[in-house]
Amino acid sequence: MTAPASLHGVQLCCPRDGAALQDGLRCDVCGTVYPVVGGVPVLINDANSVFAVSDYLQGAGYVGPSYGRDGDGAGGLRRIWRRWARRLGDAPSSLQHPSAADALACVARHVAAPRVLVIGSGGVRLGAEGVLHTDVAFGPAVDAIADAHDLPFPPGSFDLVVAVAVLEHVAEPTRCVAEIARVLKPGGHVYAVTPFLQPVHMGAHDFTRFTPIGHRRLFRAFDEVAAGIAMGAGSVAAWSLGGVLMSVSARPAWRRMARAAGLLCTPPLRLLDRWLPAAADHAGGCWFFGRLREGAPVSDRALVAQYRVAPGVVVLR
Ligand SMILES: [Zn+2]
């Protein structure tokens with residue numbers, strides 16, 4: 001069957017030149033034909049991306065310990081240990097903040113049947129209707145493989161773009177946010193969560209961190225609807241304690257023990273997050289919910305004037 005050139009009603013475009021793709025995912029401008037692997041279009045700009053189209057053709061591109069979390073093939077005790085470690089490491093922060101689902105509910109109050117793009121969705125689906133999930137790795141929730149540096153959609157396609165734990169993994173965050181702004185309709189919204197004081201994760205695919213004001217500046221083409229910190233100083237203490245223990249020795253046996261000890265400390269330290277309201281300068285991450293501006297980006301002078309240490313509790317309206 002010929003692959004259609006639209007997905008959930010959204011026209012697919014060539015990530016190289018932006019031209020609308022023809023059925024069969026063929027670009028009439030540059031002549032590229034984009035592959036479909038396991039029913040999932042692979043819409044990567046091979047000339048520019050850190051990811052190579054050829055790596056996806058076997059259906060296993062970027063599924064593994066650093067991307068798909070179930071793809072490492074470990075069995076027996078090692079599997080049990082990894083599951084246990086993952087559960088401890090993923091212990092939720094006690095600091096509550098609005099989620100992507102809250103942002104979608106907020107947009108849906110103003111826009112009937114909003115069209116949503118999730119970048120870096122991984123295994124998590126956000127709602128059912130009108131939500132297009134993309135990632136650079138295959139996964140159960142992924143509708144298309146796409147790199148945020150060259151989003152394969154026309155300008156003005158979406159009412160909301162979601163990027164949770166994505167912008168630290170891209171080589172050029174500014175370019176990716178410009179792409180997010182490009183594919184949003186006028187007055188469209190963005191919801192993003194990005195690490196600040198968090199150790200490296202996903203190995204080589206971890207490029208950048210943002211201070212709270214650096215994160216706000218990244219979205220200066222947007223007016224802030226609401227923003228805050230995503231994890232508090234308790235979470236940072238848990239990572240740091242783990243880092244101290246892990247740094248003592250490079251011997252594998254020690255690192256395994258140190259990792260386990262660090263993980264055991266994680267849940268209780270994360271309980272502290274909600275009691276540390278002035279933690280913005282020591283936060284694990286930042287979240288931002290904003291609306292695309294009509295005029296020029298917010299000036300750096302205005303951003304500096306808006307700086308505040310404790311964002312406090314935020315409610316979306
Ligand atoms: Zn093209």
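The report covers the basis of the model, helix packing, salt bridges and loop residues in turn.

## Basis of the model

This is a predicted model, in which local features need pLDDT of at least 70 and side-chain atom pairs count only at pLDDT 80 or more, while totals for chains, interfaces and linings use all residues. Residues are numbered from 1 along each chain as its sequence is written, and side-chain values use heavy atoms, with hydrogens and water left out.

Helices (H or I, at least four residues) and strands (E, at least two) are DSSP runs, numbered from the N terminus.

## Packing of H5 against H6

Two packed helices are described by the angle between their axes and the distance between the axes. Axes are lines fitted to C-alpha atoms, for helices over the stretch in contact, and angles run from 0 to 180 degrees between N-to-C directions. For helix H5 (residues 233-246) and helix H6 (residues 252-271), the angle is about 165° and the axes are 8 Å apart. H5 and H6 are therefore roughly antiparallel to each other. Angles under 35 degrees count as roughly parallel, over 145 as roughly antiparallel, 65 to 115 as roughly perpendicular and the rest as oblique. The crossing of H5 with H6 is right-handed; a crossing is left-handed if the near helix is turned anticlockwise from the far one by less than a right angle, and right-handed if clockwise.

Contact means heavy atoms within 4.5 Å. On the H5 side, the contact residues are Gly-234, Ser-235, Ala-237, Ala-238, Trp-239, Leu-241, Gly-242, Leu-245 and Met-246. They meet Trp-254, Arg-255, Ala-258, Arg-259, Ala-261, Gly-262, Cys-265, Thr-266, Leu-269 and Arg-270 in H6. By class, the contact of H5 with H6 has 11 nonpolar, 5 polar and 3 charged residues. Here Ala, Val, Leu, Ile, Met, Phe, Trp, Tyr, Cys and Pro count as nonpolar, Asp, Glu, Lys and Arg as charged, and the others, Gly among them, as polar.

## Packing of H1 against H6

H6 also packs with helix H1 (residues 76-89), at an angle of about 35° and with the axes 8 Å apart. From H1, Trp-81, Trp-84, Ala-85, Leu-88 and Gly-89 take part. Their partners in H6 are Arg-259, Ala-260, Leu-263, Leu-264, Thr-266, Pro-267 and Arg-270. The residues of this contact divide into 8 nonpolar, 2 polar and 2 charged.

## Salt bridges

Side chains of opposite charge can pair when their charged atoms come close. A salt bridge is a side-chain nitrogen of Lys or Arg within 4 Å of a carboxyl oxygen of Asp or Glu, and the structure holds 9 of them. One of these joins Arg-217 to Asp-300, with the closest N and O atoms 2.7 Å apart. Arg-217 lies in helix H4 (residues 212-218) and Asp-300 in helix H7 (residues 300-306), so the pair ties together parts that are 83 residues apart in sequence. Arg-217 is partly exposed at 35% relative accessibility, and Asp-300 is partly exposed at 37%. Buried means under 20% relative accessible area, exposed over 50%, partly exposed in between (1.4 Å probe, protein chains only).

Arg-209 and Asp-206 form a salt bridge at 2.7 Å, N to O. Arg-209 is partly exposed at 25%, whereas Asp-206 is buried at 11%. In the salt bridge of Arg-216 with Glu-224, the closest N and O atoms are 3.5 Å apart. Here Arg-216 is buried, with a relative accessible area of 8%, and Glu-224 is partly exposed at 30%.

## Loop residues

Ala-112 and Ala-113 can be taken together. Ala-112 is in the loop between helix H2 (100-108) and strand E5 (116-119), and Ala-113 is found in the loop between H2 and E5. Ala-112 is exposed at 72%, and Ala-113 is exposed at 74%. Ala-113 is not a glycine, yet has a positive phi of about 45°. Met-202, in the loop between strand E9 (184-195) and H4, has a positive phi near 60° and is partly exposed at 29%.

Ser-249 is in the loop between H5 and H6 and, leaving aside neighbours within four places in sequence, contacts Trp-254 and Arg-255. Ala-279 lies in the loop between H6 and strand E11 (285-292) and is buried at 4%. Leaving aside neighbours within four places in sequence, Ala-279 contacts Ile-229, Gly-232 and Ala-233.
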